[in-house]
Amino acid sequence: MLSQIAGFITAQMITRLLIISYFIAIALGLISGIDISRLANPFLPELPALYLMRLVVLTLCGMVLFGLFRRPAALVLALVVFWTSYMTLYAGGEIGAFWRDLALIGGLLLTANIATYADRAMAEDWDKDEELGSDAQSAGLLSEPDFREDFDVVRAS
């Protein structure tokens with residue numbers, strides 16, 4: 001049981017959780033940071049703009065955390081952060097805050113791309129093993145008899 005839990009926890013998952021937890025805290029108003037309502041203020045009154053952007057950010061965070069269209073959600077969240085931070089900087093904000101937001105955007109982009117490249121590499125390895133077939137397993141080219149089961153566990157998560 002413990003080995004299954006330890007196999008489930010990865011560095012990418014912890015990184016994703018840390019970055020997304022910051023955005024969840026921003027959306028809930030628990031900490032100060034980017035003013036997410038600044039993006040909707042030109043179109044809506046102040047309070048509805050704040051609630052709309054909180055809902056948008058929370059939805060995007062949930063999508064990234066639970067893997068529902070993870071890459072597009074992370075990219076849209078990165079765009080929201082960039083434009084709200086840029087608008088704040090343009091209106092007289094601090095360059096340090098903009099730089100912090102750029103670092104967060106970098107983390108979001110890494111989160112989006114790590115999952116994509118890992119999935120692609122795993123699929124390529126799977127295809128190579130299927131091409132080798134049973135002759136490769138009898139020749140000892142495949143690592144373990146449990147090799148396929150490990151890939152099934154990774155693909156399921």
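The model is predicted, so local features need pLDDT of at least 70, side-chain atom pairs count only at pLDDT 80 or more, and totals for chains, interfaces and linings use all residues. Residues are numbered from 1 along each chain as its sequence is written, and side-chain values use heavy atoms, with hydrogens and water left out. The chain contains six helices and zero strands. Of its 157 residues, 28% count as buried.

**Overall fold**

- Along the sequence the pattern reads α-α-α-α-α-α.
- Helices (H or I, at least four residues) and strands (E, at least two) are DSSP runs, numbered from the N terminus.
- Buried means under 20% relative accessible area, exposed means over 50%, and partly exposed lies in between (1.4 Å probe, protein chains only).

**Helix α4 and its flanks**

- Helix α4 spans residues 70–90, which is 21 residues.
- From its first C-alpha to its last, α4 reaches 30 Å, close to the 30 Å expected at 1.5 Å a residue; the expected span is 1.5 Å times one less than the number of residues.
- Which residues of α4 are buried? They are Ala-73, Ala-74, Leu-77, Ala-78, Val-80, Val-81, Thr-84 and Ser-85.
- An α-helix has 3.6 residues a turn, so residues three or four places apart point the same way.
- Met-87 is also in helix α4, and it counts as partly exposed at 27% relative accessibility.
- Met-87 and Arg-38 are 49 residues apart in sequence, with their C-alpha atoms 7.4 Å apart in space.
- Phe-69 sits in the loop between α3 and α4. Its phi is near 50 degrees, a positive value in a residue other than glycine.
- Phe-69 counts as exposed, at 62% relative accessibility.
- Just after α4, Gly-92 takes a positive phi of about 110 degrees.

**The loop between α2 and α3**

- This loop runs between α2 (11–28) and α3 (46–66), and Ile-31 is in it.
- Ser-37 is found in the loop between α2 and α3 as well.
- Is Ser-37 buried or exposed? Ser-37 is buried, with a relative accessible area of 6%.
- The side chain of Ser-37 makes a polar contact of 2.9 Å with the side chain of Asp-35.
- A polar contact is a pair of N or O atoms within 3.5 Å; within protein, one must be able to donate a hydrogen and the other to accept it, and residues adjacent in sequence count only if both atoms are side-chain atoms.
- Leu-50 lies in helix α3 and is partly exposed at 23% relative accessibility.
- Leu-50 and Ile-36 are 14 residues apart in sequence and 7.1 Å apart in space, C-alpha to C-alpha.

- Helix α5 covers residues 95–139, and Ala-97 is in it.
- Ala-97 is partly exposed, with a relative accessible area of 26%.
- In sequence, Ala-97 and Ile-34 are 63 residues apart; in space, their C-alpha atoms are 8.1 Å apart.
- How many salt bridges does the structure hold? It holds one.
- That bridge joins the side chains of Arg-100 and Asp-101 (3.2 Å, N to O).
- A salt bridge is a side-chain nitrogen of Lys or Arg within 4 Å of a carboxyl oxygen of Asp or Glu.
- Asp-101 is found in helix α5 and is buried, with a relative accessible area of 3%, whereas Arg-100 is partly exposed at 36%.
- The side chains of Asp-101 and Arg-100 are also joined by a polar contact of 3.2 Å.

**Surface patch**

- Leu-28, Leu-30, Ile-31 and Leu-58 make a nonpolar surface patch of about 360 Å².
- Patches are made of residues with over 30% relative accessible area and no salt bridge: like charges are joined within 9 Å, nonpolar side chains (Val, Leu, Ile, Met, Phe, Trp, Tyr) within 5 Å.
- Accessible areas come from the Shrake-Rupley method with a 1.4 Å probe, and for residues only the protein chains shown count as cover.
- Within this patch, Ile-31 counts as partly exposed at 39% relative accessibility.
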